[in-house]
Amino acid sequence: MAKIMMAKRKINLLILVLPLLMAACSRVVVKDSPLISENVTRGSQEVIYPDAPPSVPDGQLVWQKLNCASCHGSDGKAISDKTKISLNDKVYMNRQKPTEQYKLLAFGGENLPADHPALYNKVSRREVWNLVFYVRSLARPPMTPAKVMEVDAVFGSNCAVCHGKKGYGDGPLAHNLEPIPANFQDFKRFYDRTDLTLWDHIANGIKWEGMPNFLGKEDKAKNLKFDDAYIWQLVDYVRHFQETTEKTLPSGNKAEKVKL
């Protein structure tokens, strides 16, 4: 009888422990990158946004590593019969979304003026974003620190009241507006906009939203007129929140290759 009771206790204990053992076995701990998406394993061509502003000088290193100049030329002017796009053409570049450029570089493209190879198995995701912004710089070089400071004064007296001093959309009037002012450091939002779109929003405002039009207006305190050219400077200023001219990788550091 005692043996039977002992056997029942073992069975009951096994019933209690077995689910815990099964759960433990099915739990896989993966050290994941903040840039990795669950859709990656499904072969998705989803745009995965960076966790920090892409670096233009780091992008130049990727450009050199991949020998992009063999088709695009050292300054972005196409030199290959296959490559009909000049990357230093401002008119062309002003119409390009960073998201679309990312997808072209990462996953390749067909039926374009020239096919482009996929880079997902050659460089990391971070390197692709760096390359995107280096390519953009060939037509629209980033603002110098001195120019940023110059335009920052104008931004501070005309735009920061809504968009905030650092561009987070948290200015003193922001809480009274619906929708709230744009956060210039929102990569998902602004990488899906062309520079031409940004120019239009600044110049002509956005209907039904709190964004006013600036084209033709004046900042008399600074003896400044918001003409076509100065609106483009404001576009470059907005973009400076979304990229960096600083090197972000130590010299000789190789970014980890991650499947895109």
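Trainee: What share of the 260 residues in the protein chain is buried, and what makes a residue count as buried?

Mentor: Buried residues make up 38% of the 260; the word means under 20% relative accessible area, with a 1.4 Å probe and protein chains only. Keep in mind that this is a predicted model, where local features need pLDDT of at least 70, side-chain atom pairs count only at pLDDT 80 or more, and totals for chains, interfaces and linings use all residues. Residues are numbered from 1 along each chain as its sequence is written, and side-chain values use heavy atoms, leaving out hydrogens and water.

Trainee: Why is α11 called mostly covered?

Mentor: Nine of its 12 residues are buried, among them Tyr230, Trp232 and Arg239. What covers the buried residues of α11 includes α5 (98-107), α6 (125-137) and β2 (224-225), going by contacts, meaning heavy atoms within 4.5 Å.

Trainee: Which class leads the lining of the second largest pocket, nonpolar, polar or charged?

Mentor: Nonpolar: 19 residues, against four polar and three charged. Ala, Val, Leu, Ile, Met, Phe, Trp, Tyr, Cys and Pro count as nonpolar, Asp, Glu, Lys and Arg as charged, and the others, Gly among them, as polar.

Methods
Buried means under 20% relative accessible area, exposed over 50%, partly exposed in between (1.4 Å probe, protein chains only). Helices (H or I, at least four residues) and strands (E, at least two) are DSSP runs, numbered from the N terminus.
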